[in-house]
Amino acid sequence: MSAPTAPTVPTAASPLPAPPLAGAGRPGSPDLLRSVFRQHAAGVAVITAQDGGRPVGFTATSLNSVSADPPLLSFTIGTGASSWPAVRDSEYLGVHILGEHQRELAGLFARSGADRFGPATGWAAGAHGVPVLEGVLAWLVCRVVARVPAGEHRVIIAQAVEGDPAGEGRPLLYHQGRFNALRD
């Protein structure tokens with residue numbers, strides 16, 4: 001006859017690793033912020049304006065919806081950027097949501113010294129003379145309501161006054177320092 005066995009009792013699952021302790025991370029710095037935000041996928045937009053009758057623009061990954069009523073959005077721009085004087089002085093701006101088919105356009109508007117509105121860039125003057133890009137997923141013409149200082153940048157808050165969300169395609173993303181497409 002065999003000895004009786006003890007009943008089986010479920011054991012607790014292995015504990016999860018403890019979260020990092022406060023103070024165990026790297027000190028705050030521009031490098032740390034850039035490294036952390038490389039992990040954050042962001043949509044890609046092009047912001048446009050008029051500067052003395054000529055179109056200007058730049059690629060932005062800092063676009064955010066702020067409020068539905070009134071319809072407000074925000075983005076940031078460095079005060080050393082070539083487009084800053086136009087953004088600083090313009091009452092109206094264009095905001096364009098790029099599709100994954102527009103990596104080259106995103107790169108063009110991100111490059112310093114590039115001919116952003118050359119023959120390869122399809123655009124037309126929209127409401128209030130704002131340059132509106134062709135073939136984008138969506139666009140807005142916005143009235144600037146605030147320019148808020150933030151370090152070497154300005155947070156621009158603008159109210160949508162006109163737009164079109166009817167473009168076709170999937171959004172372009174910025175992640176790990178590169179323009180990327182969504183994967184299924």
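Which side chain meets Glu100 in a salt bridge? The side chain of Arg170 does, at 3.6 Å from N to O. Glu100 sits in the loop between strand 6 (92-97) and helix 3 (103-110), and Arg170 in the loop between strand 10 (153-164) and strand 11 (172-175), so the pair ties together parts that are 70 residues apart in sequence.

The model is predicted: local features need pLDDT of at least 70, side-chain atom pairs count only at pLDDT 80 or more, and totals for chains, interfaces and linings use all residues. Residues are numbered from 1 along each chain as its sequence is written, and side-chain values use heavy atoms, with hydrogens and water left out.

**Salt bridges**

A salt bridge is a side-chain nitrogen of Lys or Arg within 4 Å of a carboxyl oxygen of Asp or Glu. By this rule there are four salt bridges, among them those in the table.

| Pair | N to O distance |
|---|---|
| Arg26 and Asp31 | 3.1 Å |
| Arg88 and Asp89 | 2.9 Å |
| Glu100 and Arg170 | 3.6 Å |

Residues are called buried under 20% relative accessible area, exposed over 50% and partly exposed in between (1.4 Å probe, protein chains only). Arg26 is partly exposed at 49% relative accessibility, and Asp31 is partly exposed at 42%. Arg88 is partly exposed at 39%, whereas Asp89 is exposed at 56%. Glu100 is partly exposed, with a relative accessible area of 27%, and Arg170 is partly exposed at 28%.

**Pockets**

Pockets are found on a 1 Å grid over the protein atoms alone; a pocket is an open set of points where a 1.4 Å probe fits, with protein on both sides within 12 Å along at least five of seven lines, and lining residues have an atom within 4 Å of a point. Grid points are joined across faces, edges and corners, and a volume is the space filled by probe spheres set on the points. Helices (H or I, at least four residues) and strands (E, at least two) are DSSP runs, numbered from the N terminus.

The largest pocket holds about 1,100 Å³ of space. Its lining has 33 residues, of which Thr61, Ser62, Thr76, His153 and Tyr174 lie nearest the centre. Helix 1 supplies the largest share of this lining, four residues. Elements that each supply at least two residues include strand 3 (54-60), strand 5 (72-78) and strand 11. By residue type, the lining of the largest pocket divides into 14 nonpolar, 15 polar and four charged.

The second largest pocket has about 160 Å³ of space. Strand 3 gives the most to its lining, with four residues. Among the lining residues are Asp51, Arg54, Ser82, Asp115 and Phe117. The lining of the second largest pocket divides into four nonpolar, four polar and four charged residues. Here Ala, Val, Leu, Ile, Met, Phe, Trp, Tyr, Cys and Pro count as nonpolar, Asp, Glu, Lys and Arg as charged, and the others, Gly among them, as polar.

**Backbone features**

A cis peptide bond joins Asp69 and Pro70, with omega about 5°; Pro70 is in the loop between strand 4 (64-67) and strand 5. His128 lies in the loop between strand 7 (123-125) and strand 8 (131-133) and is exposed, with a relative accessible area of 52%. Gln176 lies in the loop between strand 11 and strand 12 (178-181) and is partly exposed at 31%.
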